[in-house]
Amino acid sequence: MMQITDFQKIGVGLAGFGVAFLFLGMLFFFDKGLLAIGNILFICGLAFVIGLERTFRFFFQQHKMKATGFFVGGMFIVLLGWPVIGMCVELYGFFLLFGGFFPVAVNFLRRVPVIGSILLLPGIRNIADKIGESNSMVDSHA
């Protein structure tokens, strides 16, 4: 089993706070301050989890430039004062960037002490199992 370093634990916390701030920003009628803080915390959390160099390589791969453009462009649109449009653009870029990463993230979160217990709850477990399946596993069962 792979060891989780302290930096990765901090990264999961930062990314979690980032998602929480993004959620609160949307809940409070797309408050651009909360959305900006959420974006910064999420990116910092990602850098802590996978490392700074790997984060840059991830975002600036040739085949992911379009997705990175939408993601970063959405952040700038939020900061310019159009948070609803910016979040839509950013979410599109997010799903293009991280769509294949969702199974890895769910399997990683299952090993985190408190979050892993939450993912085992009855209603949440079914959703986590669906997201945690990789595409190759889904194709092999068909």
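## Residue A47

In this predicted model, A47 has a relative accessibility of 17% and therefore counts as buried, since the cut-off for that class is under 20%. The residue belongs to helix α2, which covers residues 32–50.

Leaving aside residues up to four places away in sequence, A47 touches L52 and T55. Between A47 and I115 the C-alpha to C-alpha distance is 20 Å, and the two residues are 68 apart in sequence.

## Nonpolar surface patch

I115 is one of the residues of a nonpolar patch on the surface, together with V114, I118, L121 and I124. The accessible area of these residues together is about 400 Å². Helix α7, residues 113–118, gives the most to the patch, with 3 residues.

I118 lies in helix α7.

## Helices α6 and α8

Helix α6 spans residues 102–109 and helix α8 spans residues 122–132. Their axes come within 7 Å and cross at roughly 135°.

On the α6 side, the contact is made by F102, P103, V106 and N107. On the α8 side, A128, I131 and G132 take part.

Definitions and conventions
Residues numbered from 1 in each chain as written. Predicted model: local features only at pLDDT ≥ 70, side-chain atom pairs only at ≥ 80, totals over all residues. Heavy atoms only, no water. Patch = residues over 30% accessible without salt bridge, like charges linked within 9 Å, V, L, I, M, F, W, Y side chains within 5 Å. Areas by Shrake-Rupley, 256 points an atom, 1.4 Å probe, with all protein chains shown as cover. Salt bridge = Lys/Arg side-chain N within 4 Å of Asp/Glu carboxyl O. Helix = DSSP H or I, 4+ residues; strand = E, 2+ residues; numbered from the N terminus. Axes fitted to C-alpha atoms, helices over the stretch in contact; angles between N-to-C directions. Contact = heavy atoms within 4.5 Å. Buried < 20%, exposed > 50% of the residue type's maximum accessible area, 1.4 Å probe, protein only.
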